[in-house]
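Please open the model in your viewer and keep the selection panel at hand. The tour below moves from one pair of side chains to the next.

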Amino acid sequence: MKLTLKIFKFAGKLLAGILILLFFSGICYRIISPKPVPPGKLVDVNGTSLHVRAEGEKKSLPTIIIEAGAHSNTDMLHWLAEGLKNNRRVIRYDRDGKWFSESSNKDHISPEFYAHQLHELLEKIGEKPPYLLVGHSMGGPYNRIFRDLYPNEVEGMVFIDSSHPEQWKRLAQKELVPKEQTKILKIGSILADLGILGIYNNTLGKAVYQGDGLPIEVHSRSRSLTSNSGDVYRMFLRENELNNEVLKRAGKAKDLDSLPVLVFTATEQYKESQKKRYRKEGIDPEKEVQLWFNMQKELKELSFNGKQIVMDASHGTIITKKENADIINKEILLLSEKIERENYK
């Protein structure tokens with residue numbers, strides 16, 4: 001019995017020692033590790049510093065605004081911006097609290113808040129309409145809200161495998177982040193703030209490059225930021241809480257009438273692991289894909305001047321692989337040239 005108690009005491013002291021060592025190592029890491037540098041410019045909008053990347057000549061109109069998805073950022077839009085900036089003025093930014101942008105720390109943020117904040121950001125950096133709005137995933141609903149609030153400033157819209165206001169009602173997945181994943185994100189935020197995640201990523205973590213088509217330096221920056229700040233994870237959680245409100249508000253937006261609209265739809269919606277899980281739960285993944293296609297068609301039909309293009313890609317690689325972004329960019333440039341001709345003929 002005494003031997004058992006001694007073993008437990010020793011194990012307890014050992015565990016406590018390891019935790020204390022990790023804590024102080026993490027603090028040291030946070031102090032001495034280089035902080036990730038924003039690739040764009042930080043602009044103050046009503047006391048909140050927003051990260052924005054503006055490229056291309058200002059004289060080219062319409063100005064293209066690219067809105068990232070819920071768990072995305074300006075780096076994920078790399079190939080879209082690269083393929084457009086030589087011919088058009090291109091703006092991409094990180095929404096309030098995301099990536100390199102500060103959080104306004106409001107108790108409750110309405111879906112309209114982001115549209116108003118983007119509008120103020122554009123004015124602050126001297127950008128003027130007309131705008132061509134491009135949105136990937138949840139970027140689509142955010143853009144629908146912006147257009148609803150500022151209809152006279154938007155001359156066209158592009159939905160890239162965009163979210164649909166009724167997707168959680170129609171699809172098997174009922175939320176942006178499943179409950180089991182929210183726990184992981186909460187733990188990740190704590191470990192990042194303590195510096196422990198940074199130590200892990202720089203010693204035992206996997207290689208930086210993930211092979212999704214984006215440049216290695218993009219992944220390096222992502223890895224650095226997620227290692228140094230729990231804010232990244234907390235924003236995922238905040239967006240998850242706001243997701244339903246954004247979709248609901250986007251669903252109330254007016255139809256787009258004759259506004260030029262492009263809809264790009266990815267064919268590969270689910271990974272094999274998710275397909276197996278669906279089948280195990282009695283859900284037909286092929287039916288789920290068809291439901292998604294139907295919703296994408298509905299986005300095209302928001303305007304009687306819409307066009308849908310189906311692409312052999314996944315929800316992510318539709319923008320992260322250069323060859324896919326090139327196809328999208330070609331169509332966007334054709335659309336922007338058409339808008340320019342009609343406005344300045």
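A salt bridge is taken here as a side-chain nitrogen of Lys or Arg within 4 Å of a carboxyl oxygen of Asp or Glu, and a search of the whole structure finds 20 salt bridges. This is a predicted model, in which local features need pLDDT of at least 70 and side-chain atom pairs count only at pLDDT 80 or more, whereas totals for chains, interfaces and linings use all residues. Residues are numbered from 1 along each chain as its sequence is written, and side-chain values use heavy atoms, with hydrogens and water left out.

Select Arg53 and Asp75, whose side chains form a salt bridge at 2.9 Å, N to O. Arg53 belongs to strand β2 (residues 48–55) and Asp75 to the loop between β3 (63–67) and α2 (78–84), so the pair ties together parts that are 22 residues apart in sequence. Helices (H or I, at least four residues) and strands (E, at least two) are DSSP runs, numbered from the N terminus. Arg53, at 12% relative accessibility, is buried, and Asp75 is buried with a relative accessible area of 2%; buried means under 20%, exposed over 50% and partly exposed in between, with a 1.4 Å probe and protein chains only.

Next, select Glu55 and Lys85, which meet in a salt bridge at 3.6 Å, N to O. Glu55 is in strand β2 and Lys85 in the loop between α2 and β4 (90–93), 30 residues apart.

Finally, go to Arg170 and Glu298, joined by a salt bridge at 2.9 Å, N to O. Arg170 lies in helix α5 (residues 167–170) and Glu298 in helix α11 (residues 285–300), 128 residues apart.
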